[in-house]
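Visitor: Please take one part of this model and look at it closely, residue by residue. After that, tell me how the rest of the chain is laid out around it.

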Amino acid sequence: MPVAAQPSVPGGPPVLPAKAWLLMDFDSGEVLASNNIDEPLPPASLTKMMTSFIVEQAVRAGKLKKEDLVSVSENAWCRGSSTESCMYLPLNGQATVIDILRGIIIQSGNDASKAIAEHMAGTEENFAKLMNAEAQRLGMTHTNFVNATGLPDPAHKSSARDLAILARAIIHDSSEFYPIYAEREFKYNNINQGNRNALLYTDPSVDGLKTGHTQEAGYCLVTSAKRNGMRFITVILNTNSMQARADQTRALLGWGFGNFEKATPIQPNTVVGTAKVGFGKADTVPAVLASPWLLTVPRGQQVQTTVQINPDLQAPVAKGAVIGKVVASSNGKPLGETPLVAQADVERAGFFLRLWQHVLSWFGK
């Protein structure tokens, strides 16, 4: 898939040594700066964003309750190895769903991830099928999950773009649970562990999301931050240290917030065009924005808009029906678009009026 044209900012984004990285605008999903974002790479524990997202959505749908107890099998249990992240759930013990969720998000617990996978799908392999189905639904086209943890497997891959799509879904669709991603520590089984996202301790605008590391994947970080009404998502994949992933994320966020601003090209409820309607009781209908339109644009650049009304509209037309779009651009480069809808209903005319309009249309040719 070709990468869409990105907004032009003098000087351009920082040059980062990570194997893949991006900066995404949360509101629009637009990628503002990027490198190598569609190559499938090992995601390490960034995988657990999908694990936690599935749990969150199951709770929202009533399929799980926060207080439900999850059993810890021998397969899920961590044996105290320092080579993997653990919540340190007791063997053959139980933990609530909400504690398991915190263990996945804050402590990056492999044991928590495996336990909830077995609880929801019987086996981790079956849970991976749920993960892949959800990835397909979200449009994560360069992702294949084999497990719930991100432990190395040649077939277990994701891309920077896909992980940003997933992060955006978590923030938008799991808003009830999203504050957990900003929690700095979690104590379970008398063991207190800190969140490995270093930016949570140094940047008050950062409120998520997840770290990852394996030898194959390198040091990875997906982060989101909100300043002055703008929220950005960053993805850093395969860099060489915890410090590097934090520094590169910090540089990308600094560049984004320093070079972009919010713009409202057209105010809500403004009539931006008039659509001709055939065979209706009214000949035309006003076109308005479907919803408030906010764009993230390079600072100081003028925004131009072009109205495109669908031709050959015929009654009936329902109020709120999409009848066109507005395209925004700056210096000839597209910035985004939004639908235009009918401001009112247009009923279909009676037979004789339609016949007369039909005759007039022939004379008008």
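Guide: Start with N195, which is buried at 8% relative accessibility. Buried stands for a relative accessible area under 20%, exposed for over 50%, and partly exposed for values in between, found with a 1.4 Å probe on protein chains only. The model is a predicted one, in which local features need pLDDT of at least 70 and side-chain atom pairs count only at pLDDT 80 or more, while totals for chains, interfaces and linings use all residues. Residues are numbered from 1 along each chain as its sequence is written, and side-chain values use heavy atoms, with hydrogens and water left out.

N195 sits in the loop between β6 (191–194) and α6 (199–202). Helices and strands here are DSSP runs numbered from the N terminus: a helix is H or I over at least four residues, and a strand is E over at least two. Which residues does N195 touch, not counting those up to four places away in sequence? They are I105, I106, Y181, E183, R184, E185, L200 and Y201. A contact means that heavy atoms lie within 4.5 Å.

A20 belongs to strand β1, residues 20–25, and is buried at 0% relative accessibility. With neighbours within four places in sequence set aside, A20 is in contact with N35, N36, L41, A160, V235, I236 and L237. The C-alpha atoms of A20 and N238 are 7.1 Å apart, although 218 residues separate the two along the chain.

For the whole protein, 64% of the contacts between residues at least 6 apart in sequence join residues at least 24 apart. The protein has eight helices and 17 strands. Its C-alpha atoms fill a box of roughly 85 × 50 × 35 Å along the principal axes. Of the 365 residues, 49% count as buried.

Next come the cysteines. How many disulfides does a search of the whole structure find? The search finds one, a disulfide being a pair of cysteine sulfur atoms within 2.5 Å. This bond joins C78 to C86, with 2.1 Å from S to S. The link of C78 and C86 is left-handed, with -85 degrees about the S-S bond. C78 is buried at a relative accessible area of 6%, and C86 is buried at 1%. C220 takes part in no disulfide: the nearest cysteine sulfur, that of C86, is 19 Å away. C220 is also buried, at 0% relative accessibility.

Some points concern the backbone. The peptide bond that joins G208 and L209 is cis, with omega about 10 degrees. L209 lies in strand β7, residues 206–214. Another cis peptide bond runs from A315 to P316, with omega near 5 degrees. P316 is in the loop between β15 (313–314) and β16 (322–330).

Positive phi values in residues other than glycine are also listed for A44, near 50 degrees, and for Y88, near 65 degrees. A44 is placed in the loop between β2 (31–35) and α1 (48–60), while Y88 is in the loop between β3 (69–71) and β4 (94–96). A44 is buried, with a relative accessible area of 1%, whereas Y88 is partly exposed at 26%.

Charge comes next. There are 33 positive and 32 negative side chains, and the centres of the two sets lie 5 Å apart. Lys and Arg count as positive and Asp and Glu as negative, with His and the chain ends not counted. Each charge is placed at NZ of Lys, CZ of Arg, CG of Asp or CD of Glu.

Last is the confidence of the prediction. The mean pLDDT of the protein is 91, and 92% of its residues reach 70 or more; pLDDT is the predictor's confidence in each residue, from 0 to 100. Over residues 1–5 the pLDDT stays under 50, and the model has eight contacts for them beyond four places in sequence.
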